[in-house]
Amino acid sequence: MSSISSATVPEACHIDVDHVSVVFGTGTQQVTALSDVTFQIQSNEFVSLLGPSGCGKSTLLRLVGDLLQPTSGNVRIAGQEPERARLQRQFGIVFQTPALFDWRTVRHNVELPLELLGTRRKECRRISSELLEMVGLTRFADHYPWQLSGGMQQRVSIARALALDPPLLLMDEPFSALDEFTKEKLQLELLEIKRSTGKTFLFVTHSIPEAVFLSDRIIVLSAHPGQVHSIHSVNLPSDRHSELRETEAFYHMITTIRNCFYEERDESHVPEVL
Ligand SMILES: Nc1ncnc2c1ncn2[C@@H]1O[C@H](COP(=O)(O)OP(=O)(O)OP(=O)(O)O)[C@@H](O)[C@H]1O
Ligand SMILES: [Mg+2]
């Protein structure tokens with residue numbers, strides 16, 4: 001494989017999912033998790049994957065994150081295969097549970113990806129300080145994960161995913177285990193990261209209000225097998241504040257998306273979408 005230089009990494013990152021299917025297992029155990037899924041995501045877009053439990057949201061995210069290969073079809077990140085994009089450190093991943101190392105301090109958890117690359121100590125310190133400030137955890141830099149609340153731990157994992165400054169963030173229901181107050185605070189922090197860094201987000205959720213509040217576009221998936229049901233542009237102001245949640249436009253968008261699931265239900269089953 002040729003060496004990786006920053007010159008080979010395109011500035012603009014976009015995702016191209018092209019006629020992708022994923023089949024797990026064989027024979028009677030066979031499950032078609034995704035069937036002929038196609039969509040594109042532009043640079044600097046915040047796109048949510050929304051759908052009922054089991055419709056293939058995590059499977060799709062894993063395909064983009066090079067944690068899984070499609071049975072057929074192609075995934076490209078800025079024109080590259082996911083493996084190559086991973087080697088070029090084009091994306092960071094945040095999972096539903098923070099998955100931090102309990103024996104490392106908050107700062108050392110954030111610095112881990114940098115240490116693995118052999119980044120100099122001083123530079124590691126500079127980057128982790130900046131990121132901890134960004135996620136509001138400067139005071140807790142020398143604490144251990146088990147001394148933090150769930151929301152604070154999730155902020156550490158967001159900071160860690162940003163450590164290598166990837167142009168793309170892949171997030172799988174990162175706030176689903178959190179209380180409403182913490183969730184809303186972290187949603188605003190995420191929008192601020194997007195505004196200040198211009199990163200691209202692929203965000204999995206089963207919450208319609210969360211998807212509407214955060215996204216530029218929402219990809220609604222239907223289940224069994226997982227397919228693209230519909231894709232919606234969220235025509236709300238790009239500068240989003242908490243007050244937006246009280247507006248008619250916000251409710252209208254939620255209703256539009258919710259109606260997709262009622263259509264779905266009439267055709268099959270009741271999806272577990274909030
Ligand atoms: N490793 C695996 N082996 C076999 N089947 C799998 C595997 N991973 C996922 N599946 C199946 O693929 C389908 C999609 O799963 P996936 O985890 O992508 O759903 P999801 O939309 O993320 O659901 P949730 O909202 O509950 O997290 C499900 O039917 C699931 O049982
Ligand atoms: Mg999932």
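## Helix H1

Six of the eight residues of H1 are buried, so this helix is largely enclosed by the rest of the structure. The buried residues are Lys57, Thr59, Leu60, Leu61, Leu63 and Val64. All of this describes a predicted model.

What follows H1? Asp66 follows the helix, and its phi is positive, near 60 degrees.

## The surroundings of ligand 1

H1 also matters for the description of ligand 1. How many residues surround this ligand? There are 13, and the closest are Ser53, Gly54, Lys57, Ser58 and Thr59. H1 gives the largest share of this shell, with four residues. Lys57 and Thr59 belong to the closest residues, and both are on the list of buried residues of H1.

## Backbone contacts to the ligand

At Gly54, a backbone N or O atom lies 2.8 Å from an oxygen atom of ligand 1. At Gly56, a polar backbone atom is 3.0 Å from an oxygen atom of the ligand. At Cys55, the corresponding distance is 3.2 Å.

How much of ligand 1 does the protein cover? On its own, ligand 1 has 630 Å² of accessible area, and the protein covers 62% of that. Two elements give two or more residues each to the shell: strand E2 (31-41) and helix H1 (57-64).

Strand E2 has a partner of its own. Strand E1 (residues 15-24) is joined to E2 by seven bridges, and the two run antiparallel. One pair can be named: Phe24 has Val31 in E2 as its bridge partner.

E1 and E2 form a hairpin, with six residues between them. Gly25 sits in the turn and has a positive phi of about 75 degrees.

## The six-stranded sheet

Now to the open sheet. It has six strands, in the order E5-E6-E7-E3-E8-E9, and its pairing is mixed. Which strands form the edges? They are strand E5 (91-94) and strand E9 (227-233), each of which pairs on one side only. Neighbouring strands of the sheet are turned by 15 degrees against each other on average, direction ignored.

Strand E6 (residues 168-172) and strand E7 (residues 200-205) run parallel, joined by five bridges. Within this pair, Leu169 has Phe201 in E7 as its bridge partner.

Is strand E8 mostly covered or mostly open? E8 (residues 217-222) is mostly covered, with six of its six residues buried. Its residues point two ways. Arg217, Ile219 and Leu221 point one way, while Ile218, Val220 and Ser222 point the other. Residues of both groups are buried.

E8 pairs with strand E3 (residues 46-50) in the parallel sense, over four bridges. Here Ser48 stands opposite Ile218 in E8. With E9, E8 pairs in the antiparallel sense, over six bridges. Here Ile219 stands opposite Ile231 in E9. E8 and E9 also form a hairpin with four residues between them. In its turn, His224 has a positive phi of about 55 degrees.

Ser128 lies in helix H4 (residues 121-134). Why does Ser128 count as buried? Its relative accessibility is 0%, and buried means under 20% relative accessible area. The Ser128 side chain reaches the backbone oxygen of Arg125 at 3.2 Å.

Arg160 is found in helix H5 (residues 150-162). Arg160 is buried too, with a relative accessible area of 17%, again under the 20% limit. Where does Arg160 stand relative to Leu131? The two are 29 residues apart along the chain, and their C-alpha atoms are separated by 8.2 Å.

Methods: Residues are numbered from 1 along each chain as its sequence is written. Chains are lettered from A and ligands numbered from 1 in the order in which they are written. This is a predicted model: local features need pLDDT of at least 70, side-chain atom pairs count only at pLDDT 80 or more; totals for chains, interfaces and linings use all residues. Side-chain values use heavy atoms; hydrogens and water are left out. A residue is near a molecule or strand if one of its heavy atoms lies within 4 Å of it. A polar contact is a pair of N or O atoms within 3.5 Å; within protein, one must be able to donate a hydrogen and the other to accept it, and residues adjacent in sequence count only if both atoms are side-chain atoms. Accessible areas come from the Shrake-Rupley method with a 1.4 Å probe; for residues, only the protein chains shown count as cover. Buried means under 20% relative accessible area, exposed over 50%, partly exposed in between (1.4 Å probe, protein chains only). Two strands pair if DSSP finds at least two bridges between them. Axes are lines fitted to C-alpha atoms, for helices over the stretch in contact, and angles run from 0 to 180 degrees between N-to-C directions.
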